[in-house]
Amino acid sequence: MSAPPVLPEIVARAFDVSRKAGYVSFCRNETGRLLATLAATRAGTMAEFGTGCGVGTAWLRSGVRGDARIVTAELDARLADAAAEIFVDDPQVEVLSADWSTLLDKGPFSLLFLDSGEPTEVGVDSVADLVEEGGIVVLDDFTPCEVWPPIAYGRVDSLREQWLVDERFTAVEVMVAPDASALIATKR
């Protein structure tokens, strides 16, 4: 991949906090660069559901232009506290120690980043009303699939399928690395 090897300072700080917390489950640099690029095109409020120690939020923040803001929620209080440490002096980022549902009244969002997970939690019907018209949803942690319908672990990947065919969004699966892909969906 052609990308500068140097990480944005805020992302390097997030990696340091994650290491100190013993947390190693965070978005890949390839996905992070995608997030920063998309964040640079957004105004208003962006959100992340499932902050972890703040690496994804840091990537978003590295791309933010102007007065756009980011609100992010992490259910694990220890991880949320670690993430809050990164952004303690940043008025454009709010880290909440809470379930993602606490963000429901803070939208609609211009960009929403979340991990792929259970279709009932991050499916189109659960998320569509949280995103403004023209807003972008990014779901990561997919394994690339070259067939239709998409298959994962020997069965149809219903989450990926519903995002790719829902008429409320224009969506595409993008490989960010040979072994990783993300879905990008823009609300019509």
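## Exercises on a predicted model

Phe-49 is buried, since its relative accessible area is 8%. The structure is a predicted model.

**Exercise 1.** Classify the ring pair formed by Phe-49 and Phe-109, and state where in the chain the two residues lie.

*Solution.* 
1. Two numbers are needed: a pair of aromatic rings is described by the distance of the centres and the angle of the planes.
2. For Phe-49 and Phe-109, the ring centres are 6.5 Å apart and the planes stand at 85 degrees.
3. Planes over 60 degrees apart count as edge-to-face, so Phe-49 and Phe-109 form an edge-to-face pair.
4. Phe-109 is buried, at 0% relative accessibility.
5. Ring pairs also bring in Trp-100, giving a cluster of Phe-49, Trp-100 and Phe-109.

**Exercise 2.** Find the buried residues of helix α7 and decide how they are arranged around the helix.

*Solution.* 
1. Helix α7 covers residues 158–165, and its buried residues are Leu-159, Arg-160 and Trp-163.
2. Looking down the axis of α7, these buried residues fall within an arc of 95 degrees, so they line one face of the helix.
3. Trp-163 also takes part in a ring pair with Phe-169: the centres are 5.0 Å apart and the planes at 65 degrees, so this pair is edge-to-face.
4. Both partners, Trp-163 and Phe-169, are buried.

**Exercise 3.** Describe the surroundings of Gly-54.

*Solution.* 
1. Gly-54 sits in the loop between β1 (45–49) and α3.
2. Buried means under 20% relative accessible area; Gly-54 has 0% and therefore counts as buried.
3. Apart from neighbours within four places in sequence, Gly-54 has contacts with Ala-14, Ala-83, Ile-86 and Phe-87.
4. From Gly-54 to Arg-19, the C-alpha to C-alpha distance is 12 Å, while the separation in sequence is 35 residues.

**Exercise 4.** Describe the second largest pocket by its volume and its lining.

*Solution.* 
1. The second largest pocket holds about 210 Å³ of space.
2. There are 17 lining residues, and those closest to the pocket's centre are Tyr-23, Ser-25, Phe-26, Gly-50 and Asp-115.
3. Two or more lining residues come from each of α3 (55–63), β4 (109–115) and β5 (131–142).
4. Sorted by class, the lining contains 6 nonpolar, 6 polar and 5 charged residues.

Note on methods
Residues are numbered from 1 along each chain as its sequence is written. This is a predicted model: local features need pLDDT of at least 70, side-chain atom pairs count only at pLDDT 80 or more; totals for chains, interfaces and linings use all residues. Side-chain values use heavy atoms; hydrogens and water are left out. Buried means under 20% relative accessible area, exposed over 50%, partly exposed in between (1.4 Å probe, protein chains only). Helices (H or I, at least four residues) and strands (E, at least two) are DSSP runs, numbered from the N terminus. The arc is that of the directions from the helix axis to the C-beta atoms. On a 1 Å grid over the protein atoms alone, a cavity is a set of points where a 1.4 Å probe fits but cannot get out, and a pocket is an open set with protein on both sides within 12 Å along at least five of seven lines; lining residues have an atom within 4 Å of a point. Grid points are joined across faces, edges and corners, and a volume is the space filled by probe spheres set on the points. Ala, Val, Leu, Ile, Met, Phe, Trp, Tyr, Cys and Pro count as nonpolar, Asp, Glu, Lys and Arg as charged, and the others, Gly among them, as polar. Contact means heavy atoms within 4.5 Å. Rings of Phe, Tyr and Trp (its six-membered ring) pair if their centres lie within 6.5 Å; planes under 30 degrees apart count as stacked, over 60 as edge-to-face and the rest as tilted.
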